[in-house]
Amino acid sequence: MHESSTSSLDRIRAEQLARLRARLPGVLRGSPFWRERLHDVTGWDDFERLPLTTKSDLVADQQANPPFGTILTAPAERYLRLHQTSGSSGARPIRWLDDQESWTWWRRTWAEHVYRAAGVTADDRVFLAFSFGPFIGFWSAFGGAEELGALVISGGAMSTEQRVRTMVDLGATVVCCTPTYALRMAEVAREIGVDLPGSALRVAVHAGEPGASIPATRDTIEAALGVRCFDHTGMTELGPTGVSCTQRDGVHLIESEFIFEEVDGELVATNLGRWGSPLVRYRTGDRARLSREPCSCGSPFVKMVGGLQGRMDDMFTVRGVNLYPSQVEDIVRRHAAVVEFVIEHRRVRQMDEVTLLIECADGTSTLERLAADLRQALGVRIDCREVPPGTLPRAELKAQRLRRVVE
Ligand SMILES: [Zn+2]
């Protein structure tokens, strides 16, 4: 271990503990939810005895105490923004309030960490290819770009074609969107004859799906848009947690604003700047592998190797082999003819059946090669079936690569 990285870790840990100790008493005074669960902390051993909290704890609290639950540390009048989770995993959406201090923290964390890691500056023109519904990612990306002093352009209430033309016409240099939607914009740009790689675009900041950390998906987007892709991880209820490393092998977690732990392969996080609605030892439901190896990019923060590995509950089984959608995606995206895909997982009479549904530009030859590649890389045979063009969903928010069907 390098002495410098040991001392920088000590500094990070000391700062984390100091921030937690300064604000935890206020959390215990203000929030019935946390008062019931937590105790005051003076050292790391106290912290490690605090219980883990899950999303279902939050959902149950909001159901029992509508509309906002009892997690708030101040009266509801003090808050100025309401957002809610996408509910994309089939769960009931959670409502989340931010007060002025918490919202400033969101904006600053985006500006100082997410945009900075992607090399975005006040000189950039940032286009947000989002609908601007109640999902917090849209607004925090917008607020962070404002904080940075960049020119920020909303792509709300636009068709994909309008978004593509607007980016080119206004000379946008940065686009924020999901990986899936980046590929959708590239598809539309080709259809209408707009040259995105020849435009001013140079950076894409992605979130919502692991795609920007999946090498084959990242390569496809970078070629199709003429950009360099950066991954960003975050959660509505938690905050902006990470940004991709310039070494391109993972995501650094922002330890100046959070405490991160890996518990049984799951990422657990405590935020240190969102004191109006804080989360302490929150089980994110995301699979992660954390590494403290010193990184040549110079970041002192822990690395989540390979980015998010998917959701804990996204695993599926093919002939006894456990797989995650991101493993399949990395193989699928190496085939340029594949336009979209969905993994359909059926449970038929207690048996797992998995079929890859594919929209493809050139038909059977790609399907055969893809099936062979999957068999070689994953060690199991997965049936591949072609579906008509335009029939699979193009998600703006979070693509559901895994579709479960119970018969
Ligand atoms: Zn790094």
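Here is a short tour of the structure, stop by stop.

Keep in mind that this is a predicted model, where local features need pLDDT of at least 70, side-chain atom pairs count only at pLDDT 80 or more, and totals for chains, interfaces and linings use all residues. Residues are numbered from 1 along each chain as its sequence is written, and side-chain values use heavy atoms, with hydrogens and water left out.

**Stop 1: the zinc ion.** You'll find Cys 245 (SG), His 252 (NE2), Cys 295 (SG) and Cys 297 (SG), 2.1 to 2.3 Å from the ion. Along the chain, their spacing reads C-x6-H-x42-C-x1-C. Now pick out His 252 in strand E9 (residues 250–253) and Cys 295 in the loop between strands E13 (290–291) and E14 (303–305): the pair ties together parts 43 residues apart in sequence. Helices (H or I, at least four residues) and strands (E, at least two) are DSSP runs, numbered from the N terminus.

**Stop 2: His 83.** Jump to strand E1 (residues 79–84) and select His 83. His 83 has a relative accessible area of 3%, so it is buried. Leaving aside neighbours within four places in sequence, its contacts (heavy atoms within 4.5 Å) include Trp 96, Trp 103, Phe 135 and Trp 139.

**Stop 3: Phe 135.** Phe 135 counts as buried because its relative accessibility is 16%.

**Stop 4: Leu 128 and its core.** Of its 63 residues, Tyr 115, Val 126 and Leu 128 touch the most other members. Helix H5 (residues 100–117) supplies the largest share of this core, 6 residues. Apart from it lies another core of 23 residues, with Ala 182 and Ala 224 among them.

**Stop 5: H8 against H9.** Finally, show helix H8 (residues 179–192) and helix H9 (residues 215–225), which pack at about 35° with their axes 10 Å apart. Axes are lines fitted to C-alpha atoms, for helices over the stretch in contact, and angles run from 0 to 180 degrees between N-to-C directions. Residues making the contact include Ala 182 and Leu 183 of H8, and Ile 221 and Ala 224 of H9.

Key: Buried means under 20% relative accessible area, exposed over 50%, partly exposed in between (1.4 Å probe, protein chains only). Donors are N, O and S atoms within 2.8 Å of the metal (3.2 Å for Na, K and Ca); water is not among the atoms, so sites may look incomplete. A nonpolar core is a set of buried Ala, Val, Leu, Ile, Met, Phe, Trp, Tyr and Cys residues joined through side-chain atoms within 4.5 Å.
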